[in-house]
Amino acid sequence: MLDDLEKETRSTDQTLDHPRVLLLRTQVATDSAPWLPTELYLTQVKRGRWGANKEPANPVPPLFAEAAGHACAVCARSALIGASISRCGRCKVVRYCSSQCAKAHWPVHKAVCQELANTAVPACKEDYDIQLSPAASYFYRRRARCTICQDASSKLSLCKRCFGAAYCAKCVTTHPKEHCDASILEQCCLGLISDMGAPLSIPSRTPFPSTKPDGWKAYFEAKMFDFEVDAGLLALGPPCAMLTEALSLPIIIAEHLPRQASFVHVIGAAPADLVGVRRFREVFRWRPDLSRLAVCMVGPLLRQVTEKQPPEDGCDKLLVLEARGGPYAEVDLPPPDLVVLYDMDAAAVALQRGKPVVALASTKDDADAMHAALSRQTDRPVAPPRENPFRGLRPRRA
């Protein structure tokens, strides 16, 4: 069936909404990958401006850019979609898909090019600890290198399927398919941001029935047709993965916010977290008992913002987003009903508020460390770490 559908996607623009395509998504979807197989969605990605590789792509906005050693530093194109990638002739670190991208990036690159050129090429993991300026370090630590031993000084062989992993002669020349799929998804997410200008970040349109889903597979089975974009689009890996990333925090808030409560503090937020304020309306889809919600974000790089979202879709519930820069102990915010913690440095202050605290970590080791730190700082019960069934599924480059 997959082979037949892959042929159809090359010959018609209607296959994304074809019932067979949506049926296949239902059959193959899992909680960790609730979308069509990689081979099928990649065919669709290659139809967009970024994936077609026929004209210059839009640059990925700096707020969402994530430099990758084997991809263009401006638009994130790579050999995955047939782009010809070359590196800067002086520093041999930063790569581009075209002279247009190289020229567009020069105002940024010229400040670090000579510093990168004067720095020794790393041959092992420890070599990346060298002290550089923040801008130079960003590219230095994300340069093309062996996926296994981190050697960037030897000749590398790229994976011929994902073109995102490479190996030196000393290491193995293949990687697990799930890692290969994640590399393709990571690149395609950046490609979709290039096409759209920002990640997909929208709420569903209607409340859930009384039974809530227990993971992403059940969520999309219930909500696939409940967004303002076509269901066929959400069957593809990149938009679906970005949507899970956008909705993960609202769902966490909905599950842990006490009844008759409305104020949430999110500590350790980044500027990109302020994009797509509407996504927090997903809280109301899970919690019809709430009449208003105020999400107050605190982070060192944030600037002061207060944004009120007007009622929409016949819903008169009020959504307010506030952002404050600086240490949590020093910002002036209304008392919280729930604290969501990304930054463990603020744990003591969060615990002093006397309200429920939810600490989020990206790995099991980080979660165990957070649990130990919280247990040392309070006499309140601290639940053991558990995997979040609604974690964001977009891969990130380390």
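Which salt bridge do the side chains of K364 and D368 form, and at what N to O distance? Select both residues: their side chains meet in a salt bridge at 3.1 Å, N to O, the term denoting a side-chain nitrogen of Lys or Arg within 4 Å of a carboxyl oxygen of Asp or Glu. The model is a predicted one, in which local features need pLDDT of at least 70 and side-chain atom pairs count only at pLDDT 80 or more, while totals for chains, interfaces and linings use all residues. Residues are numbered from 1 along each chain as its sequence is written, and side-chain values use heavy atoms, with hydrogens and water left out.

K364 is exposed at 62% relative accessibility, whereas D368 is partly exposed at 32%. Here buried means under 20% relative accessible area, exposed over 50%, and partly exposed in between, with a 1.4 Å probe and protein chains only.

Next, select E66 and R394, whose side chains form a salt bridge of 3.7 Å, N to O. This pair links distant parts of the chain, 328 residues apart: E66 belongs to the loop between α4 (49–52) and β1 (86–87), and R394 to the segment after α14 (364–377). E66 is partly exposed at 21% relative accessibility; R394 is buried, with a relative accessible area of 8%.

Proceed to R324 and E322, where the salt bridge spans 2.7 Å, N to O. Both R324 and E322 are buried. By the stated rule, the count comes to 14 salt bridges.

Finally, select helices α3 (residues 38–45) and α8 (residues 177–196). They pack at an angle of about 20°, with axes 11 Å apart; axes are lines fitted to C-alpha atoms, for helices over the stretch in contact, and angles run from 0 to 180 degrees between N-to-C directions. α3 and α8 are therefore roughly parallel, a class covering angles under 35 degrees. To display the contact (heavy atoms within 4.5 Å), show T38, E39, Y41, L42 and V45 in α3 against K177, D181, I184, L185 and C188 in α8.

Notes. Helix = DSSP H or I, 4+ residues; strand = E, 2+ residues; numbered from the N terminus. Parallel < 35°, antiparallel > 145°, perpendicular 65-115°, else oblique.
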